[in-house]
Amino acid sequence: MAQLTYRASVSLAIAQSMRKDQKVFFIGEDVGAAGGVFKATVGLLEEFGKERVMDAPISEQAILGAAMGAAMTGLRPIAEIMFSDFLAVCWDIVANQIAKTRYMSDGQINIPLVIRTANGGGSKFGAQHSQSLENWSMMIPGLKVVAPSCPSDVLGLMDSAVKDPDPVIFYEHKSLYAFKEEIEQTDISIPIGEANTLHEGKDITIIGLALMAQRAKEAALILKDKHDINAKVIDLRSLVPLDLQTIKKSVIETGHVLTVEENPRLCGWGAEISSLISEHCFKNLKGPVTRVTTPHVPLPSADILEDNTIPSVELIVNEVVKKLKENNYGNNNAIPWRNS
Amino acid sequence: MVDKLNDDIGEKKRLQLWEMMLKLRLVEKKAYDLFLQNLIKGTSHLALGQEAIAGAFGVALKQGDYTFCTYRGHAHTLARGSSIEGVLGELMGRQCGLMKGKGGSMHLTDVDKGVMGSYAIIGAHLTIANGTALASKYNKTNEVSVCFFGDGTTNIGAFHEALNMAKIWNLPIVFVCENNLYMEYTPIHEVTAVEHPAADRASAYDLDRVIVDGNDADEMLRIAEKAISKAREGKGPSLIEAKTYRHSGHSRADPGKYRPDEEVKDWMENKDPIKNYRAKLLDFNINEKIISEIEEKIKDQVEKATEISMASPIPEIKEIYTDVWANGGSEWHN
Ligand SMILES: Cc1ncc(C[n+]2csc(CCOP(=O)(O)OP(=O)(O)O)c2C)c(N)n1
Ligand SMILES: [Mg+2]
């Protein structure tokens, strides 16, 4: 039994995959000698050498292109994009090439690669180093989208992501890198597409991902203690494939749903979930599905501004209380983009 | 007269190259006829006039080597030995097509033949070709990767990222710029800081400056063999700029009116790689009967393949839902 941080579990997860399979290699900017800008890949170069841990130039297209080409021959690259915001400079390779080549080739080509990237806010880095971009990749057919919320999920989901025959984008949350967990067994595997329940409850279903799943769990503890509300917290773990069955099962029991997203309001993944729930569980709903998101603005930098932009534990608590106790479904943090 | 004694290429290889180029030409012409009959929908970019480049590499490469080409890739695909009905069938959206209609003209792929795809977003495939080259280096095998692209492609960032990476990692790859003097409709010199869009950039990546007459099939073959051997011996990447010209417009929709008549006439009449190669074969005293027999054989092959493609059924609608994922399906939730 050992305490492991989310950060340390990333390098351990990569190392475990590389020990198991000679086909796995790792490529990224400042990942080898420097151990990564978030120190999440420390020790890999020392263990595996330059042939398998490659420090790349600042060439995001060339990094992902090389990973894709290598994957096309059956290797299993793990490629790092330092900040998820930088996916924008190589989006052609992600969305047009990696995602579509299997389909366009009528299944002649598999692309078994993992793109891991530091995602999300909380570090006061401003609008270009803090975004939550899971929904960008969710809307492209052909990409699997994973976002672990704790060290054990990093270990288990990375194992599956590397073994997966399809491309996986692995969003690591920057504000979780210091998150600690007692871990008994490090060499574990968690199937992609199975949500995890972080808190049991029958009054409302709260659905989150990554940092927002952890905040939802904290909110559930407060809701229970202070408001006598039992919330079920579902950590989706992956958006594609999506564990709709777990969502449905809970919604049938609770009849109330809140999604908690770190992305801006428009076209966030919660909108898709909300639509699925109204299609699949309309008769079970006791009120509208509501969403907590960041407002529809780029992320500001100053402490007070960023802290009031990204959904907080208090905001989640308030939204749930409003819904269940006051029958108030109006969302207070996401209005300005729409006509009133 | 030609020096037969010092002929480094020889009759056998020349006839192979002749047969290859002729096939590329006649299939493209057939593709053009099939558009006119409205049997091919969508867009298509013909490589008529550029056959010597794909043809020479087709002869020079070995089985197991990887090639990457652009949307103008029918010729490069055929040059690796893909079947004519596989190509024409794909253009016509038939089940016998290389990808059963899932990809179309711009995405021909035939992995068994080393055709690792045809790419329609300018520049992307240069970076992806580095990946197969990296795999050969990683696995310590000796395949070579070859990546074809146009002059216009030298102005996108991916070109520069890819060349730098290939050089720093000493990858077994050959980059082939087919400089047909125009990007889409704009003359390349109007939008490029240097005269030779690829070759004049080579020094920035510590590569040799290589310019070749891409319509001289023998010269193309020599350059291709040299660059391929270099890569295979672990001596790193090459960048070749092959000067050529497309006989037709950029794509199906383009009559090519922006090009001066005199220029087009000169390239069609005096610099046609196929016409000139036929004359060269005769110069080398190759029996005209053999040359014509090959012509008849290819014509026959193209006709037969056309019949097969036209008789091939259209895809089943359920194919829409297959092969997004490696499990063969397209499901995204349980
Ligand atoms: C990124 C991108 N920008 C623009 C286009 C549209 N486009 C298609 S072909 C082409 C011209 C490419 O010229 P070149 O590289 O010289 O190749 P050629 O068509 O002459 O073979 C353009 C601009 C594209 N497909 N991708
Ligand atoms: Mg061109």
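How many salt bridges are counted between domain 1 of chain A and domain 2 of chain A? In this predicted model, the count between the two domains is 4 salt bridges. In one salt bridge of chain A, the side chain of Asp153(A) meets that of Arg237(A), with an N to O distance of 3.0 Å. Polar contact across the interface of domain 1 of chain A and domain 2 of chain A was found for 15 residue pairs, with both residues of each pair at pLDDT 80 or more. On the side of domain 1 of chain A that touches domain 2 of chain A, at least two residues each are supplied by helix H6 (134-138), strand S6 (144-146) and helix H7 (151-163). That side of domain 1 is made up, by class, of 13 nonpolar, 11 polar and 4 charged residues.

The division of chain A places residues 2-183 in domain 1 and residues 196-325 in domain 2, and the centres of these domains, taken over C-alpha atoms, are separated by 26 Å. To the contact between them, domain 1 of chain A contributes 28 residues and domain 2 of chain A contributes 26 residues. About 2,100 Å² is buried between the two domains, and carbon and sulfur atoms give 58% of this area.

In chain B, attention turns to ligand 1, which has 15 residues around it, with Tyr71(B), Arg72(B), Ala120(B), Gly152(B) and Thr153(B) coming nearest. A backbone N or O atom of Ala120(B) lies 2.9 Å from a nitrogen atom of the ligand, and a polar backbone atom of Ile122(B) is 3.1 Å from a nitrogen atom of ligand 1. For Gly152(B), a polar backbone atom is found 2.7 Å from an oxygen atom of ligand 1.

How values were computed. Residues are numbered from 1 along each chain as its sequence is written. Chains are lettered from A and ligands numbered from 1 in the order in which they are written. This is a predicted model: local features need pLDDT of at least 70, side-chain atom pairs count only at pLDDT 80 or more; totals for chains, interfaces and linings use all residues. Side-chain values use heavy atoms; hydrogens and water are left out. Domain bounds come from an automatic or database domain assignment. Contact means heavy atoms within 4.5 Å. Buried area is the accessible area (1.4 Å probe) that two parts lose on being put together, summed over both. A polar contact is a pair of N or O atoms within 3.5 Å; within protein, one must be able to donate a hydrogen and the other to accept it, and residues adjacent in sequence count only if both atoms are side-chain atoms. Helices (H or I, at least four residues) and strands (E, at least two) are DSSP runs, numbered from the N terminus. Ala, Val, Leu, Ile, Met, Phe, Trp, Tyr, Cys and Pro count as nonpolar, Asp, Glu, Lys and Arg as charged, and the others, Gly among them, as polar. A residue is near a molecule or strand if one of its heavy atoms lies within 4 Å of it.
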